[in-house]
Amino acid sequence: IVVIVGLIIGLSIIFLSTIQPTSDINEDTIIVNNRNLEVFYFNNLDSENPYNQDFSTLSDKQINQLKKEFIKREVLAKEAKKLGLDKIDSIISARLAQLGQQALVGEIIEFEDIELSEISDFFEINKSQYIESETISFSHIFFDTEERAKSFLLKLKNESDDSKLKNLINTGGIVFPYQKNYSKKPYSFIVGHFGEIGAMNLFALKKNIKDWQGPIKSSLGFHLVNVFNRTPMKQMALENIFSEVKRDYYDQLRKKDTKNIISNKILEYEIIDETKVN
């Protein structure tokens with residue numbers, strides 16, 4: 001009897017809770033409070049970043065930026081729900097926000113009557129984005145100590161027989177974990193194999209096909225280097241990369257239009273800010 005009475009009471013509580021209104025807030029209202037922001041923040045952390053800040057340590061500037069992102073996400077999610085998109089897709093807010101943006105903006109914004117001069121002006125303003133990086137081409141022999149590298153360099157300089165010299169180059173040093181020969185590699189690529197110090201030292205060398213240079217230090221050890229080519233940094237011409245520049249210009253226009261559409265939609269909502277400043 002006690003169990004049955006308990007079940008009846010429990011079911012009654014559940015029933016009453018379901019028929020009571022959960023909130024008097026209308027659907028065009030967004031509540032921003034510390035709890036909502038904290039959940040939003042942790043749900044969007046980069047899981048691969050070991051230096052994520054704790055929510056409580058965020059600055060006022062960071063909190064304000066977080067608010068903007070939260071409000072944008074909520075507006076887009078609500079718009080998606082209004083269109084019934086939550087019935088055909090996941091109710092995850094992030095996905096709803098994406099669906100809401102697609103519904104508001106459209107997957108593709110078409111631009112007509114784009115003048116060639118507009119693309120040219122865009123290129124002139126953003127020239128620094130279209131620069132062909134300086135590259136270096138070289139071979140190297142790797143050593144674990146500077147003393148061994150210096151000793152081997154003397155052997156190379158004292159060897160006059162071409163076949164023996166070639167054999168020394170092919171068999172000298174110890175195994176390097178990456179490549180022995182590098183062709184037209186930019187600074188960023190070299191950093192990945194030799195570290196920042198090694199890249200700086202390599203790019204400080206001049207082209208010299210005849211002689212081996214070094215030893216130079218890298219993050220892994222010491223190297224004797226034969227630089228057989230260098231290509232300087234070069235500004236790319238618009239006519240050679242027109243399609244790429246045109247694509248970037250269109251992307252910029254799309255982002256600008258998307259931002260304006262979403263900003264205008266956010267203005268239609270009542271924002272209730274209940275956050276507390278730290």
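Is Ser 137 buried or exposed? Ser 137 is buried, with a relative accessible area of 2%, where buried means under 20%, exposed over 50% and partly exposed in between, using a 1.4 Å probe and protein chains only. Before going on, a word on the model: it is predicted, so local features need pLDDT of at least 70 and side-chain atom pairs count only at pLDDT 80 or more, while totals for chains, interfaces and linings use all residues. Residues are numbered from 1 along each chain as its sequence is written, and side-chain values use heavy atoms, with hydrogens and water left out.

Ser 137 sits in strand S3; strands here are DSSP runs (E, at least two residues), helices are H or I runs of at least four, and both are numbered from the N terminus. Ser 137 touches residues including Tyr 182, Lys 184 and Val 227, with contact meaning heavy atoms within 4.5 Å. The side chain of Ser 137 also reaches the backbone nitrogen of Lys 184 at 2.7 Å. That is a polar contact: N or O atoms within 3.5 Å, where within protein one must be able to donate a hydrogen and the other to accept it, and residues adjacent in sequence count only if both atoms are side-chain atoms.

Now look at Lys 184 itself, in strand S4. Lys 184 counts as exposed, at 56% relative accessibility. Its phi is positive, about 50 degrees, although Lys 184 is not a glycine. Most residues other than glycine have a negative phi, and most peptide bonds are trans. Another spot to check is the peptide bond from Gly 214 to Pro 215, which is cis, with omega near 0 degrees. Pro 215 lies in strand S5.

S5 pairs with S6 (residues 222-231) over three bridges, and Gln 213 stands opposite Val 225 in S6.

Methods. Pairing = 2+ DSSP bridges. Lists of a residue's contacts leave out its neighbours within four places in sequence.
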